[in-house]
Amino acid sequence: MRILTTIHAMRLACKQARRAAGEDSTLALIPTMGAVHKGHLSLVDAGRKECDVVAASIFVNPLQFGPTEDFACYPRSFDDDCRQLAKAGVDLLFAPEAQEMYPAGATTFVEVAGLSERLDGASRPGHFRGVATVVNKLFNIIAPDVAYFGQKDAAQVAVLRTMVRDLDLPVRIIVGPTVREPDGLALSSRNRYLSPDQRIQALALSRALHVVEELVDRGERSSVVLRAAAAEVLNHVPGLRPDYIEIVSSDTLEPVVSVASGALIALAAWAGETRLIDNFRVDPASHD
Ligand code: AMP
């Protein structure tokens, strides 16, 4: 695996890798903030299966963190990340410093209006502007054919799909399923912050989604009823502070009154200082 830290070197490496792989070769990109876990690796696997060249990025993007958020202490484990990504089959790793991505005087941003203020965007003002801007820059630098994102960050997926559509970006977005611990907790780099007690509290998110999923399976469609069922689970865990429980269209992130295929049940909650998210998307096959 080649590790590139400048935009110029990464552009060149992508061109060389494509040339070496043949005229019609395809390039996959898996953007990450590092602290690699099996969720990230599942996206690398998908890219490896579908594309000839696999690029990943590790960049803790200052632009998507609010002033009181965890940018400074976000988990960083670069050497271990490199080992895992190389083993998983990444060919090119882009790992720039912040000043490489945002030189002094950079004043251009990408804003997906509307969607960026919903779900996590409502709790984290400016977050999705940072995400859209950095992903757009990564697309411009790396020029992937396919980019892979996790369903765990469902609002991010909606924002980025809209950005790709609105700006005619020549990139196909593929969404990989949420990878979980055996007990249901969605893998996240931020799980490293959790104390043993908070780790137990955090299980309420997947438990709440499971309760909602069972109700949907039994035919319940009312968002009011489903939301109340999720709230019932989250509100009864001492120490856990729910941030939002939303039932929305997975494309527009607008609230829906009644759940149909494509609806998203999304949760966020604080365990101590750690904000966790999880969601469940109603499956088109089984709930039409
Ligand atoms: P992050 O490093 O947290 O920015 O995540 C990088 C990519 O991995 C994003 O597309 C995330 O949605 C995805 N991801 C994070 N956690 C998981 C998970 N548990 N399962 C699948 N994908 C994930």
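Predicted model: local features only at pLDDT ≥ 70, side-chain atom pairs only at ≥ 80, totals over all residues.
Close-up 1. A backbone N or O atom of Gly 150 is 3.0 Å from an oxygen atom of the ligand, and a polar backbone atom of Val 179 is 2.8 Å from a nitrogen atom of the ligand. Of the 480 Å² of accessible area that the ligand has on its own, the protein covers 93% (Shrake-Rupley method, 1.4 Å probe; for residues, only the protein chains shown count as cover).

**Close-up 2. The shell around the ligand.** The ligand is surrounded by 17 residues, of which the closest are Met 33, His 40, Asp 153, Val 179 and Leu 187; a residue is included if one of its heavy atoms lies within 4 Å. Two or more residues come from each of β2 (27-32), α2 (38-50) and β5 (146-150), and α2 gives the most, with three; helices (H or I, at least four residues) and strands (E, at least two) are DSSP runs numbered from the N terminus. By class, the shell holds eight nonpolar, seven polar and two charged residues.

**Close-up 3. The largest cavity.** A search of the whole structure finds one cavity of 30 Å³ or more, and the largest cavity has a volume of about 60 Å³. A cavity is a set of points on a 1 Å grid over the protein atoms alone where a 1.4 Å probe fits but cannot get out, a pocket is an open set with protein on both sides within 12 Å along at least five of seven lines, and lining residues have an atom within 4 Å of a point. Among the 13 lining residues, Asp 120, Lys 152, Ala 154, Tyr 244 and Asn 279 are the closest to the centre of the largest cavity. Domain 1 (2-176) and domain 2 (189-282) each contribute at least three residues to this lining, with bounds from an automatic or database domain assignment.

**Close-up 4. The second largest pocket.** The second largest pocket holds about 290 Å³ of space, and Ile 58, Phe 59, Val 60, Arg 76 and Pro 96 are the closest to its centre of the 16 residues that line it.

Residues are numbered from 1 along each chain as its sequence is written, and side-chain values use heavy atoms, without hydrogens and water. Local features need pLDDT of at least 70 and side-chain atom pairs count only at pLDDT 80 or more, whereas totals for chains, interfaces and linings use all residues.

Definitions and conventions:
Points joined across faces, edges and corners; volume = space filled by probe spheres on them. Polar contact = N/O pair within 3.5 Å; in protein donor to acceptor, adjacent residues only side chain to side chain. Nonpolar A, V, L, I, M, F, W, Y, C, P; charged D, E, K, R; others polar.
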